[in-house]
Each structure stands twice: as C-alpha cells, then as structure tokens.
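Below are my notes on the model, as numbered points. Please read them with the coordinates open.

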Amino acid sequence: MASSVLRHHDVANFLYCRVTNSVLAVTSMKTGLLGATAMVLCLSCASALAQQPISTPILISAPNFRDLAGISASNGGTGFADTTSNNGVMRTGVFYRTDVLSLSVPDLATISALHITLDIDLRTPDEINGAPDAVPKIAAAPDAVPIGAAYTNVNIYGGQSPPAPATQPTTAHEEALFFQSLYQGFVANRIDRDGFRAALIDLANAADAADFHCSGGKDRTGWTAALLQTIAGVSPATILNGYLATNSYTAAFILSQKETIYAQYAAGPGGAKAGADAVAIATPALGVQQSFLQAALDQVTATYGSMQAYLTQGLGLTQADIYVLRAKMVDYLTLPGQDGFTGNAATGTALLNALQDSPLSGHYTAYNYYLQSAVDAGTLGGVESEVGGQVHADAFGALLRQPLAIDAAIAHDASGRDLVPGQSRVWMVGLGGYVGASARGGIAGSTEQTAGSLVGATYRIDERVSASFGLGYDWSSVASAGASANVGTLLGTIGGRFGFSSLEAGPFVAAQAMIGGVDYRSKRPLGGGLGVAQGNGSGAVYSGQAAFGDVIPLNPVTITLHGGLRVTHASLGGFTESGSELALAVHGMNRTMPSFVAGLDVTLDARRVGGWSITPGFTLGYELALANPQVVSNGTLYGYTVTQASAYDSRSLVTPGFTVSARRDAFELTAGVTALLGDGTKSTGVNGQISAIYRF
C-alpha cells in the first residue's frame, strides 16, 4: 500500500512539534453523561445574568487559547460561562488553557493584560528546548511567558520527548488506537498521574489567574481541563463539548497541516494517493476524538471506580485541594437552603455567599473548606444563624433594659416614705433575673441572666422630701445563636422624692437617674470548624426617670399609683473580634430609648409576728416603649456588612410582682419577685431581689 511510505516517526514526531500528545479524558463513567445532561437542563433555568459572557481574546499565534469557563458561540459553545452542579456558574478569567505560547509581540501584550500570574508548561524538554538530531528535527519553542507571570514546567510524560508507538501506524484506526492508549496512560501510569497532580496543586496555589498548556493544547492540556471541569461540577456533556472544541479552535491549523502533509507525500512516488493516505493516517493526531476521552474515562472506571477515587487515590489530592480548586472556578449563585431563609439567617447566608468573592475563598482556609463541604452536604449546618453576630444585638438590647431592673430593685429602699424626717438608712440590694425571647422568622431565641448588687443610702430631709444614692455592679450573661456575651456595668444612682403634702400620703413627684460604665466581652463559637470569634468592647448607659404619683392610705392597705417617662441611652464602642476567619469588625451602637412607665403598688399594713413587723405587698408595673425596642447590630468582614436583629422586640412589658418586708428594730429585710410578660416575641422572665436595711 502506498501509505506504507508514511512512517509514524516521520509524521507523528512532526506533529508533536506543533500539536500535543496530551490526552483529554473528561469525567468518569459513561452512565454519568445522561444524569449530568439532565442537570444542565435544570441549571439552564438559572438567571443568565449570573453567567459571564465568554470574551477571551483571540490569539493568532496561539489559536487554542481559551478560558476554561466556557466556549465561545462561534466554536460550538453558548458564549457564556458554563453552569455547574448545585446552582453554580464557572468564573471567567481564572484558568486559561492553551497551545504552546509561541506568541507574537501583539499577542504577548494581549495575554499579559489578563493578569496571569502563573504559566504551567506541561511539555517535555525536547518540545521546549528542541531536538536538532531528531528525524525530523524538533525546533526549540520556549514559552513567551506573560508579563508578570511565573513560569513552571511540569513534564507530564516524564521522558525527554513525547512517547511514540512501538510500531508505526499504517491506518487512521491504528493511529487513533495509539492515542487511546496514551489517554489510558494518563490514568494508569504513575509518572503521568504525578505530573497531573503537580499541575493541579500548582493551579490550586496560584495567586491569581493561571494558564496551562502543552504543545497543541489538546491532549495533556485537554485532560487537565477535564479534571478541573469535573472538580467544578460541569456536566459530562459540556466537558465533552469543550474537549471537542479544539477541532474548531484549531481548524485553520489542522487544515494547514493536512495541506503540508499532502504536499510532502504527494510529491513522492505514490503521488496524490500517497498524499491522501498520509493525511488520513495523520488526521487523528491533528485533532481530538471522543474515543480518546472515553478511553481515559473507561480506564478511570476500571481502575478506580469513580472520578473522585481517581482524584484522591490516583492523583493523591486531598479534599482540601479539590475544594480550593473548585472555589477558584465556581461561584454558587445560592447556597443550600438560601431561598428559604429569613431574618438573621438570611442575612448570615448572604454574608457566607458574598465571601465567595473574598480572599477567604479559593485558598486553603477554614471558610473555603466549610463552604464547599456545605455545598456537598446540602446544608449550611446552622452557621447561617451564627455568623452574623446576633448576640451583639441581644446584649445591647439587654443593656438598654438594664435600668428597668435596677429601678425596680431599689424602689422600696430609695423612696424614704417609711422614714421619719431627719432619719437615714443604708441599704444593700442583691438582684438577679432571667429574660427569654422566643425564636421566630430566622431570628434565634435569646436568653438573658442577670445578677448584681448595690449599696446605698436614703435620707428623709423633711416631711415632704427624701433623697437617695447608690453604687453597684450589674452583670448580665446573654446567649443567642450559639454565642454568649457578658455585659458588666459599674453603676451609680441618685434620686429624690417630693410629696406635695407629705411623703406618707397624697400626690408626689419622683426622679431617679443612673449612670454606668460598661465592659463587654463576647464569645461566638462557629460551627463547621470555623473557630471561635471573641471580642471585647466598652460603653456606657445613662437613664433618667421622672414620675408623678399618689399615695392613698386605705386601712388596712396603702395604694400607690404612679406614671411617668423613662429615657435610657446606651452606647457600645466598635471593636474587632479575633479567633476566627469569620471574626467581624463590629460597628459601634448608640441608641436612645424613651418609654412610658406606670405602676400600681398595694402594701398591707404591718403585722406583728413574734418580734418582727411583717409587711406584704403586691406590685403591677407597665412599660411601653415609645420607639422600636428591637436592636440591630452591624458587622463588617472584607467590606461586606451583615445586619442582625435582636430576638427581644416587645414594645409593652407587664411586670406583676410580690414583696414582703420583715423589720425588727432598726434592721429590715425585704424580698421580692417580679414576673416579666412581654408582647411581640412573647418575651418572658422573672426578676428577684433581696435587700438588707439599717436605719439610724
């Protein structure tokens, strides 16, 4: 046969000089094609606005240069970035695949403008440096490295030059079989696997955009591209289409090579038939065929069972490596469950989503591993509620409500109504309480526990006037969304009361003021291995209350009615958390809360029990917030702001209570318990206090 004149050594090595001997094999099992095709159809429902158009510049001197993210419409693609599993979209401008970078000056300027930081050359030394003694000789073809990019050579085959068949193919079928065996070697040969692993690890550690290539950008480059697309979750059908697109991108080159081969062999003894036969034999080596890719896929299935096993067992990639590569390539439009979240959970999820475009993504970070594993698991694992820092809003809300508990705890001791003119008493009050707010609408429930003590003195100046002051410390522990915060307040109070006729009976006015310095400490354990975000801050709280009332003695009880206005202002300076990659820069909070207060106190006349005088009493308080009682906190991470609302949002609060006093000579003990019943989130709680008084 005339085609026997065409020796593989003459033709194939000639082609290796310009084309590539890299084999592309895309995902794994043949059965995956149908399922993934259906996935593509589902994903096509995603907003096209989220898919970036493919606008990779055309390089005349490297026609197979293209963005891994997708295929241009003119080369058989959609013209937009490919979609992936789990509602993802490929990112453009991350990884570029190409043929050898023997670039013209204009093309070098063009590719340098893409901010490529790493150029990975998959060729053998002979392909790079030339082999002048080869038949035919191989010309040197060093890379024209993009300006600003680092160059690295990963020799996939491991030898001095690309492998050649043991016997020279005499038909196109034999040539195709050689390439199929070459692709099988990408999976079966340890040296090949080591090379692909090294290339993928280099891409995972690339600081920014990167390119990878062999000679023709079709075989070694194609298989690398297929591995990356598989990791990204691109469908097998789309990967195959991208693989075969080499035939379109390099169509002009393939045609010119066929013409060269034909002319070379047609000029010999066999004439036109020899030329035609030579072109037929060479055709499989000039482009790519689906059978090449399928050979690698079948080898993956035969040797490892799945592509995941090939990546981890065959190439030795860790799950962290895979997640870094995937995050570099894929932007998930929505995270698991995101469409169903509301409230704080929704804003927390939005932050987790936005951080895909932060330095935490696409690198070996705890966030990157968490998010990618969450995508695989189909759940964010509750981190959506933890990440926003709801506890800061809840703690600040507790600080705003602090004067309510303080005023109620010292009300009996500070009034001076039961003193005689010129008499004083010193008192010490211990108080504690609990408030809980229910979860709802994406806002986690919160709990607040308080404890504190105050010491002070009350002096009845005359028949109608008394004054008091106190110093103390109040401690609150607030918990919500898996986090906790401690609010410590060193405080002082001062107050007075004026009776229009006397303090014992008739109308009166009263005023009470409080000032406190606040020490704030928070601790937010985050799920998903994200660490513990801790923060320290400081602030202040001020409160003033003015009330008008009436004391009505009705034997055997005394009824006191009062109503007025309380204004509380709290501030907490901004601070930056530490201890977690998702630690927030928490914004400062300032809030003034006016409220209407009213109360009814019923005190029974004292009864003697042994040597003690026992005085029971009942109280009913009411507070109506004149502004929205729900507190909002804001935190920032990498320029993204997350807002969280407090669980407590009760505008009105009813506080029924019971007190009992036991007095013996100058010494008196008073104990009381008060329930808290709020609207809105149905906030409930209880406060208790006990005081010791000594008169002199």
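Is Tyr 367 buried or exposed?

1. Tyr 367. At 0% relative accessibility, Tyr 367 counts as buried; the classes are buried under 20% relative accessible area, exposed over 50%, and partly exposed in between, with a 1.4 Å probe and protein chains only. The residue belongs to helix H16 (residues 366-377). Helices (H or I, at least four residues) and strands (E, at least two) are DSSP runs numbered from the N terminus. Leaving aside residues up to four places away in sequence, Tyr 367 touches Leu 352, Leu 355, Gln 356, Leu 360, Ser 361, Leu 530, Glu 581 and Leu 582, where contact means heavy atoms within 4.5 Å. Gln 356 is 11 residues from Tyr 367 in sequence, and their C-alpha atoms are 9.3 Å apart.

2. Basis of the values. This is a predicted model, in which local features need pLDDT of at least 70 and side-chain atom pairs count only at pLDDT 80 or more, while totals for chains, interfaces and linings use all residues. Residues are numbered from 1 along each chain as its sequence is written, and side-chain values use heavy atoms, with hydrogens and water left out.

3. The five-stranded sheet. An open sheet of five strands runs in the order E1-E4-E7-E5-E6, and its pairing is mixed. Its edges are strand E1 (66-67) and strand E6 (150-153), each of which pairs on one side only. Two strands are taken to pair if DSSP finds at least two bridges between them. Strands of a sheet pair through backbone hydrogen bonds, either parallel or antiparallel.

4. Pairing within that sheet. E1 and E4 are antiparallel, with two bridges; here Asp 67 has Tyr 96 in E4 as its bridge partner. E4 and E7 are parallel over four bridges, and Phe 95 stands opposite Ala 210 in E7. Strand E5 (residues 116-121) and E6 also run parallel, joined by four bridges, and Ile 120 is partnered by Thr 152 in E6.

5. Side chains of E4. In a regular strand the side chains alternate between the two faces of the sheet. Phe 95 and Arg 97 point one way from E4, Tyr 96 and Thr 98 point the other way, and all are buried.

6. Helix H6 and the sheet. Helix H6 (residues 190-204) lies across strand E4 (95-98), E5, E6 and strand E7 (209-213), at about 175° to E5. Axes are lines fitted to C-alpha atoms, for helices over the stretch in contact, and angles run from 0 to 180 degrees between N-to-C directions.

7. H6 against H14. H6 packs on helix H14 (residues 319-329) at an angle of about 55°, with the axes 9 Å apart. The pair is therefore oblique: angles under 35 degrees count as roughly parallel, over 145 as roughly antiparallel, 65 to 115 as roughly perpendicular, and the rest as oblique. From H6, Leu 200, Ile 201, Leu 203 and Ala 204 meet Asp 321, Val 324, Leu 325 and Lys 328 in H14.

8. H14 against H16. Here the packing angle is about 85° and the axes are again 9 Å apart, so H14 and H16 are roughly perpendicular to each other. The contact is made by Gln 319, Ala 320, Tyr 323, Val 324, Arg 326 and Ala 327 of H14 and by Asn 368, Tyr 369, Gln 372, Ser 373, Val 375 and Asp 376 of H16.

9. Helix H7. Helix H7 (residues 220-232) has 13 residues and reaches 18 Å from its first C-alpha to its last, close to the 18 Å expected at 1.5 Å a residue; the expected span is 1.5 Å times one less than the number of residues. Since 13 of the 13 residues of H7 are buried, the helix is largely enclosed by the rest of the structure. Gly 233 follows H7 and has a positive phi, near 95°.

10. Backbone items to check. His 115, in the loop between helix H3 (105-112) and E5, has a positive phi near 60° without being a glycine, and at 59% relative accessibility it counts as exposed. Asp 665 lies in the loop between strand E23 (652-664) and strand E24 (667-678); its phi is positive, about 55°, although it is not a glycine. Asp 665 is exposed, with a relative accessible area of 68%. A cis peptide bond joins Asn 555 and Pro 556, with omega about 15°; Pro 556 lies in the loop between strand E14 (532-554) and strand E15 (557-572).
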